[in-house]
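Reader: Could you take me through the aromatic rings of this protein in some detail, with the cut-offs spelled out as you go?

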Amino acid sequence: MRIREAEAEDVPAIVNLWTEMWDFHMAIDPYYTKSPLAERVMAAWMGEHIESDRAVVFVAEETEVIGYICGSIQPNPPVTMDQYFGYVSDISVTESSRRSGAGGKLLDSIQTWFRTKGMPYVEVNVSVRNEVSRSFWKKQGYDNFLERLRRPL
């Protein structure tokens, strides 16, 4: 397995992985219902992240792309000591490649990238209904920081 920075040619494979992940989330929480333009919007968004100097996308590949991770440098409120932090927005590995170590290797790569950019810490959002992801992040040393609540109107 090889981990490398994503290129524009990887976007279709990344969008396929994102769709698989999003469909998994839709099954456990209807909040994640996709818009009709979701794949097109995600392709553009991934392309922007690949080209940005404040964001990065890594892919895991064997004979084809089997996983990806996407993150960016985000600002903190101006009253905090740390002006910026690393944020992982997405990570997805094909179902057949889970438990292969791909997720951990992708995370190691992006954490190294954030360190080189001087980020003091990394944050990630995890659905409270997604026990698989919650378990992964806990095993990687991530801990609860904030609780985000939602109320339908």
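Author: Rings of Phe, Tyr and Trp (for Trp, the six-membered ring) are taken as a pair if their centres lie within 6.5 Å, and planes under 30 degrees apart count as stacked, over 60 as edge-to-face and the rest as tilted. By this rule the count comes to 7 aromatic pairs. Among them is the pair of Trp18 and Trp22, which is stacked, with 5.2 Å from centre to centre and 25° between the planes. The model is a predicted one, in which local features need pLDDT of at least 70 and side-chain atom pairs count only at pLDDT 80 or more, while totals for chains, interfaces and linings use all residues. Residues are numbered from 1 along each chain as its sequence is written, and side-chain values use heavy atoms, with hydrogens and water left out.

Both Trp18 and Trp22 lie in helix H1 (residues 11-28), 4 residues apart, or about one turn of the helix; helices here are DSSP runs of H or I with at least four residues, numbered from the N terminus. Trp18 counts as buried at 5% relative accessibility, whereas Trp22, with a relative accessible area of 22%, is partly exposed, where buried means under 20% relative accessible area, exposed over 50% and partly exposed in between, for a 1.4 Å probe and protein chains only. Together with Tyr31 and Tyr32, Trp18 and Trp22 form one aromatic cluster.

The rings of Phe136 and Trp137 have their planes at 80° and their centres 5.2 Å apart, so this pair is edge-to-face. Of its two members, Phe136 is partly exposed at 23% relative accessibility, while Trp137, at 5%, is buried.

Technical notes
Helices (H or I, at least four residues) and strands (E, at least two) are DSSP runs, numbered from the N terminus.
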